[in-house]
Amino acid sequence: MAAVEGRTVQVQVPATSANLGPGFDTLGLALSVYDELTVTALDGDRLEIDVSGSGADEIARDESNLVVRSIEHVYKSVDREMPGLRITARNGVPHGRGLGSSGAAVTAGVLAAKGLLAGDVELSDADLLRLATELEGHPDNVAPALFGGLTIAWTGENGPQHKKLLVHRGVAPLVLVPERTMSTTLARSLQPPQVSREDAVFNVSRTALLIAALMQSPELLLDATADRLHQDYRAEAMPETHALVQALRSAGFAAVVSGAGPSVLVLCDGPGGRQEAKELADSVTDTPWEGLMLAVDVRGGTVRERAEGST
């Protein structure tokens with residue numbers, strides 16, 4: 001059974017920040033800035049794509065589009081033929097800046113397919129995480145994009161898994177976004193294949209502490225966000241980011257590289273500190289930083305069918 005011609009679904013997916021300092025490839029946080037898509041099933045193999053917002057000039061308008069490839073991946077996995085598509089995307093998630101833009105696109109495509117297939121094929125949360133991880137390569141961004149909140153993601157015998165946790169209401173995220181972008185592939189290439197036992201133990205202890213700090217004790221966030229596994233190794237590729245993180249941490253702010261960078265995530269232990277952190281960012285580097293004062297998104301990605309005639 002193919003998707004119903006003319007069926008339209010609306011999808012919203014949050015930005016995400018992975019790693020959070022010590023939780024490399026494991027921890028992710030959903031944040032309240034969003035990509036929004038409207039996807040309509042068309043007859044035949046027509047493909048119409050309209051994109052506005054962040055990264056619009058660089059995004060493909062053909063079959064190589066990541067949302068289209070994600071929808072197609074889901075359809076193939078359930079042995080269905082993908083219909084033609086009309087996609088209208090408004091991208092609020094900054095592209096190429098360590099806020100999970102590729103994970104958001106993958107998640108949006110998977111959720112759009114779920115909505116288009118509703119009534120024919122039902123996809124569970126485990127299915128969605130597995131399919132998104134197959135496309136993204138690792139679950140640390142797609143898990144919070146799908147489910148919201150703070151997520152711990154891992155891969156076990158039954159494939160990718162996640163645990164969603166609630167963040168203490170006192171945690172107030174600030175994201176500092178520069179104009180320049182950063183390649184995740186380049187960032188990963190700068191890390192050594194092995195680390196010392198001392199550094200591994202350091203990060204294990206800080207990751208455990210970070211869970212407690214985010215859930216119960218925000219006053220511990222500065223110590224809990226210390227890292228020795230990846231951020232220093234990537235510093236040469238984004239010196240302004242490294243300098244800003246060091247300046248903020250020296251001033252007592254729990255600042256980390258957001259994902260692969262170059263954005264900086266500051267986890268304040270109350271909303272009052274965010275303006276002070278933004279003012280410090282403006283004063284310590286030559287790079288202009290856009291300050292996004294965000295909330296933790298607790299819903300994750302959503303999909304709903306749009307009624308005929310609604311806007």
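1. A word on terms to begin: helices (H or I, at least four residues) and strands (E, at least two) are DSSP runs, numbered from the N terminus. Counted this way, the protein has 9 helices and 11 strands. Please keep in mind that this is a predicted model, in which local features need pLDDT of at least 70, side-chain atom pairs count only at pLDDT 80 or more, and totals for chains, interfaces and linings use all residues. Residues are numbered from 1 along each chain as its sequence is written, and side-chain values use heavy atoms, with hydrogens and water left out.

2. On overall shape, the radius of gyration is 20 Å, close to the 19 Å from the globule rule for 311 residues, so the protein is as compact as a globular protein of that length. (The radius is taken over C-alpha atoms, and the rule is 2.2 Å times the number of residues to the power 0.38.) The C-alpha trace spans about 60 × 40 × 35 Å along its principal axes. Of the 311 residues, 53% count as buried, where buried means under 20% relative accessible area, exposed over 50%, and partly exposed in between (1.4 Å probe, protein chains only).

3. Contact means heavy atoms within 4.5 Å. Among contacts between residues at least 6 apart in sequence, 74% join residues at least 24 apart.

4. Now to the interior. A nonpolar core is a set of buried Ala, Val, Leu, Ile, Met, Phe, Trp, Tyr and Cys residues joined through side-chain atoms within 4.5 Å. The largest one has 41 residues, and Leu37, Val39, Ile71 and Ile87 have the most contacts inside it. Elements giving two or more residues to this core include strand E1 (8–18), strand E2 (27–42), helix H1 (66–77) and strand E4 (84–91). Helix H2 gives the most, with 10 residues. Leaving aside residues up to four places away in sequence, Ile71 touches Val39, Met82, Leu85, Ile87, Gly109, Ala112 and Ala113.

5. How many residues of H4 are buried? The count is 9 of 9, so to speak a mostly covered helix. The cover over these buried residues includes E1, E2, H2, H3, strand E5 (150–156) and strand E6 (159–165). Just after H4, Gly148 takes a positive phi of about 80 degrees.

6. Two buried loop residues are worth a look. Gln231 lies in the loop between helix H7 (221–224) and helix H8 (239–250), and counts as buried at 11% relative accessibility. Beyond residues up to four places away in sequence, Gln231 touches Gly21, Val256 and Val257. Thr285 sits in the loop between helix H9 (273–284) and strand E10 (290–293), and is buried at 14% relative accessibility. Thr285 and Ala243 are 42 residues apart in sequence and 7.4 Å apart in space, C-alpha to C-alpha.

7. Finally, some backbone geometry to check. Most residues other than glycine have a negative phi, and most peptide bonds are trans. A cis peptide bond joins Gly261 and Pro262, with omega about 10 degrees; Pro262 is in the loop between strand E8 (255–257) and strand E9 (264–268). Asp25, not a glycine, has a positive phi of about 60 degrees; this residue is in the loop between E1 and E2 and is partly exposed, with a relative accessible area of 26%. Asp79 also has a positive phi, near 60 degrees; Asp79 is in the loop between H1 and E4 and counts as exposed at 67% relative accessibility.
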